[in-house]
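This report describes selected helices, contacts and charged pairs in one protein model. Please read it alongside the sequence and the structure shown here.

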Amino acid sequence: MNDCETYRHLLSKSTFMMGHQCSRRLWLYKNRPDLRPEISESHQMVFTKGTNTGLLAQQLFPGGKDATPVDYFSYPAAIQQTYDWINNSEAIIYEPAFQYDRVMAALDILVNKNGSWHAYEVKASNELKEQFIMDAALQYYVITNAGLPLTDISIIHLNRDYVRQGSLDLKQLFKIVSIKKEVLALQKDIKTWVGKNKKILLLKTEPKKDIGPHCSDPYECEFVDHCWSHIPQISVFSLTRLNGAKKFELYYKGAIEFHQLPANYALTASQQLQVKAYKENYTHIERANIKTW
């Protein structure tokens, strides 16, 4: 069953999701790490929250073996350890890793129930999001093609209705939702997207892709400073309370700065004031209203 191949993986779950969001992001991540800013405290808090939630969820299936690699470069050993434990009939494995066709996927929890394998992915979110199904579909694709059949695959996420009273009740803290039906429906597309992502990684030069809503959907891209370098500090993207789609609509029509706005473009009173103050280079302060407030 072990398909670790001799070669290190080209894609992981995280880089697959990057490529699906934006081909340019994937290429930059692999080829221009120098353009990546340092991880901010807020992003580090998100990572820490995810890690802590994952550790809590493991307690729903206690007594498992932990295949977490010591570092990013040790995934081949983690993959081998995963296969060894599966072959030795271990019932619960945390952070098992698999590889197929040079795509690596690490799962949060793998459980053997009466001879059938069940996969669980843990999310520090209080709802089931579309991108969770997408990355779980990639995991299913890798795991099953690597030779391990899965009876079910589920998302474990936080229960927004749970109110703690006394000791923490993990069965109420989490919700477990099977997404096997949705994951199976995506398998053909996953294979296609994997192929496209591999082709992106083989490019010698940075792919040409304009900025757009994908820069922050579903995740904020770390290369915004690079890709948005042609956008001035004050631009149509600075317009207060203007819908994001409308901002990009203006941008794609060539209106980037305030003086490029169409003469008849409908602006709210506050937006008109913002544009006027910028064009005439003055600061508008409503002192009486501020004093009253």
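## Q187 in helix 8

Q187 counts as buried because its relative accessibility is 15%; buried means under 20% relative accessible area, exposed over 50%, and partly exposed in between (1.4 Å probe, protein chains only). Q187 belongs to helix 8, residues 187-201. Helices (H or I, at least four residues) and strands (E, at least two) are DSSP runs, numbered from the N terminus. Not counting residues up to four places away in sequence, Q187 touches A137, Y140 and Y141, where contact means heavy atoms within 4.5 Å.

The model is predicted: local features need pLDDT of at least 70, side-chain atom pairs count only at pLDDT 80 or more, and totals for chains, interfaces and linings use all residues. Residues are numbered from 1 along each chain as its sequence is written, and side-chain values use heavy atoms, with hydrogens and water left out.

## Helix 1 and helix 2

Helix 1 (residues 13-21) and helix 2 have axes that come within 5 Å and cross at roughly 140°. Helix 1 is therefore oblique to helix 2. Axes are lines fitted to C-alpha atoms, for helices over the stretch in contact, with angles from 0 to 180 degrees between N-to-C directions. Angles under 35 degrees count as roughly parallel, over 145 as roughly antiparallel, 65 to 115 as roughly perpendicular, and the rest as oblique. On the helix 1 side, T15, M18, G19 and Q21 meet S23, R25, L26, Y29 and K30 of helix 2.

Within helix 2, the residues S23, R24, R25, L26, W27 and L28 are buried. The cover over the buried residues of helix 2 includes strand 1 (11-12), helix 1, helix 8 and helix 9 (224-227).

## Salt bridges

Eight salt bridges are found in a search of the whole structure; a salt bridge is a side-chain nitrogen of Lys or Arg within 4 Å of a carboxyl oxygen of Asp or Glu. One of them joins the side chains of R24 and E206, at 2.7 Å from N to O. R24 is in helix 2 and E206 in the loop between helix 8 and helix 9, 182 residues apart, and the pair links these distant parts of the chain. R24 counts as buried at 15% relative accessibility, whereas E206 is partly exposed at 25%.

R25 forms a salt bridge with E222, their closest N and O atoms being 2.7 Å apart. This pair also links distant parts of the chain, with R25 in helix 2 and E222 in the loop between helix 8 and helix 9, 197 residues apart. R25 is buried at 9% relative accessibility, and E222 is partly exposed at 22%.

A further salt bridge pairs D135 with K123, with 3.1 Å between the closest N and O atoms. D135 lies in helix 5 (residues 130-145) and K123 in strand 7 (residues 116-123), so the pair ties together parts 12 residues apart in sequence. Both D135 and K123 are buried.

F174 lies in strand 9 (residues 174-178) and counts as buried at 5% relative accessibility. Leaving aside neighbours within four places in sequence, its contacts include T53, L56, I156 and H157. The C-alpha atoms of F174 and H157 are separated by 5.5 Å, and the two residues are 17 apart along the chain.

Y72 lies in the loop between strand 2 (65-66) and helix 4 (75-87). Its relative accessibility is 41%, so Y72 counts as partly exposed.
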